[in-house]
Amino acid sequence: MTDRPNVLLITSDQHLFDALGYKNPHLKTPNLDRLRAGGADFTRAYCPNPTCTPTRASIITGMYPAWHGAWSLGTKLMEDVPVVGDVFRAAGYDASLIGKAHFQPLAAGDTPEQESIERHPYLRDRDFWRSFNDERTPWYGFNHVETCRNHTDEAHAGGHYALWMEDRGLSEWEDHFESIPGAPEPRNGSQHHTWTLPEDYHYSVWTADRTIASIERATVEGKPFFCWSSFHDPHPSYLVSKPWDTMYDPADMPIGTLEEGELDKMPPPHRMTQDPNADWSVFKEPGGHGVHGYQYHGYDEQTLRADMAIYYGMTSLMDREIGRILDHLDATGQAENTLIVFTTDHGHYLGHHGLKAKGAFHYEEGIKLPFIARWPGRIEAGSTIGALQSLVDLPQTFLAACGIAAPGQMQGVDQLAVWTGERGSARDVAICEFRHQPTKVHLRTYITERYKLTVYRDRDWGELFDLVEDPGERCNRFDDPDCEAVKRELMAASINEELRREPTPMPRVMGA
């Protein structure tokens with residue numbers, strides 16, 4: 001046991017901001033509810049990008065995607081980018097990552113710098129992963145890593161998760177997952193709603209088991225820990241082990257809606273999502289890669305309700321496993337000295353604004369996050385904090401909580417005084433980026449206490465929402481003459497914010 005505080009970051013994946021039991025009577029998350037009861041619920045937390053790799057890279061670098069380089073899904077966070085784990089380790093902390101990483105793409109590029117280990121054939125190379133945990137060569141700052149890449153039964157299952165399943169006696173685990181593309185003997189196709197995988201072998205169970213083991217290892221070594229416990233759910237596809245597949249009745253699911261006429265003033269791609277014959281080819285990148293979310297989003301309500309019931313079941317199973325981690329901290333007396341944050345990498349759409357997938361859409365459902373922080377004696381139990389938060393702020397805030405100076409290249413802000421109630425707010429604006437290729441789609445959103453402004457590179461499109469008068473974002477006022485003065489002010493503020501977020505890697509020490 002150490003007097004220095006521990007930091008435990010627990011994340012879900014693609015988690016709608018109100019998909020928590022204490023916010024939603026249709027959903028049961030008793031363990032996240034008790035985490036919130038002992039800490040603070042944050043109502044205005046945002047991701048720096050509504051897709052996985054860019055935001056996950058921001059969580060460990062404290063830099064925005066436009067700066068750390070992993071600017072899109074399908075890109076790689078280079079191993080030489082400064083990361084917070086290195087800072088923690090230099091201060092004597094154990095730094096571990098358990099669960100999903102997704103810092104690298106499912107394929108390698110054309111140069112050595114673009115090599116990826118989060119792809120086949122590495123993913124099912126047992127010997128590779130057995131020898132991966134070498135503390136002499138940390139991976140992205142973590143001296144201990146146990147990771148796997150898949151969601152549900154995807155073919156890119158493997159990594160440490162596969163070793164765990166085999167060690168627990170499930171030698172034929174591959175029978176429960178999609179076959180690797182091109183495999184000479186296909187084992188399995190994709191499944192729907194009910195996963196044949198027994199719940200005891202679910203990756204949420206694995207993530208909790210190995211998180212607890214990692215905390216125990218750091219405790220035995222007498223080190224404080226910085227641990228990222230990275231759960232994979234409730235990211236689609238919609239699939240979960242029994243009995244969680246029948247926990248919720250589809251008829252009770254409150255799916256999102258698209259109001260008549262709400263897309264009339266939105267940018268063309270938003271309207272195209274409702275047209276099954278829309279031609280998306282103009283947005284494709286060289287090589288044929290499409291823009292995430294730029295597709296037909298049509299659905300029937302019965303199917304969406306059934307999917308949502310599974311989404312909730314996935315969330316409740318994950319919640320049970322998070323509860324085991326919380327129980328371990330309580331049982332070992334470490335809860336009082338551990339700062340815990342629960343959040344996700346980005347949001348999700350379940351019919352909201354006619355959408356059913358993430359992508360280049362910056363509605364609240366896609367970029368606003370569930371966010372809880374608990375630190376007994378420091379963060380007021382049961383409190384609610386409405387100050388703007390960004391995931392890019394996490395590294396600096398974690399370091400501040402541990403009394404460690406943050407490197408100058410980090411672009412977030414230290415939120416600790418806000419979390420502990422000593423300060424009302426630490427930022428005026430939260431920024432969310434999205435980019436595929438610049439000439440195809442490149443947008444940026446600026447969120448203030450009241451307004452949300454989205455601008456597009458080389459386009460005259462835009463979005464302006466008054467989140468006080470129009471919290472559901474049904475009326476885009478970007479071209480409304482009555483909002484011209486507000487838009488002008490927000491444009492100026494956004495330019496200023498671009499200057500403010502430039503990093504300062506080192507201080508100036510001389511006039512020349």
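What follows is a short exchange about some helices and strands.

This is a predicted model, in which local features need pLDDT of at least 70 and side-chain atom pairs count only at pLDDT 80 or more, while totals for chains, interfaces and linings use all residues. Residues are numbered from 1 along each chain as its sequence is written, and side-chain values use heavy atoms, with hydrogens and water left out.

Me: Are the axes of helix α7 and helix α9 roughly parallel or roughly perpendicular?
Reply: Helices are DSSP runs of H or I with at least four residues, strands are runs of E with at least two, and both are numbered from the N terminus. Axes are lines fitted to C-alpha atoms, for helices over the stretch in contact, with angles running from 0 to 180 degrees between N-to-C directions. The axes of α7 (residues 203-220) and α9 (residues 301-331) come within 9 Å and cross at roughly 15°. Because angles under 35 degrees count as roughly parallel, over 145 as roughly antiparallel, 65 to 115 as roughly perpendicular and the rest as oblique, α7 and α9 are roughly parallel.

Me: Which residues of α9 meet those of α7?
Reply: Contact means heavy atoms within 4.5 Å. On the α7 side the residues are S204, V205, A208, D209, T211, I212, I215 and E216. Their counterparts in α9 are L317, M318, R320, E321, R324, I325, H328 and L329.

Me: How many residues of strand β9 are buried?
Reply: Buried means under 20% relative accessible area, exposed over 50% and partly exposed in between, with a 1.4 Å probe and protein chains only. From β9, T338, I340, F342 and T344 point one way, L339, V341 and T343 point the other way, and all are buried. Strand β9 (residues 338-344) is therefore largely enclosed by the rest of the structure, the buried count being seven of the seven.

Me: What covers the buried residues of helix α6?
Reply: Helix α6 (residues 159-167) is mostly covered, with seven of its nine residues buried, and H160 and W164 are among them. The elements that cover these buried residues include α5 (126-130), β5 (144-147) and α7.
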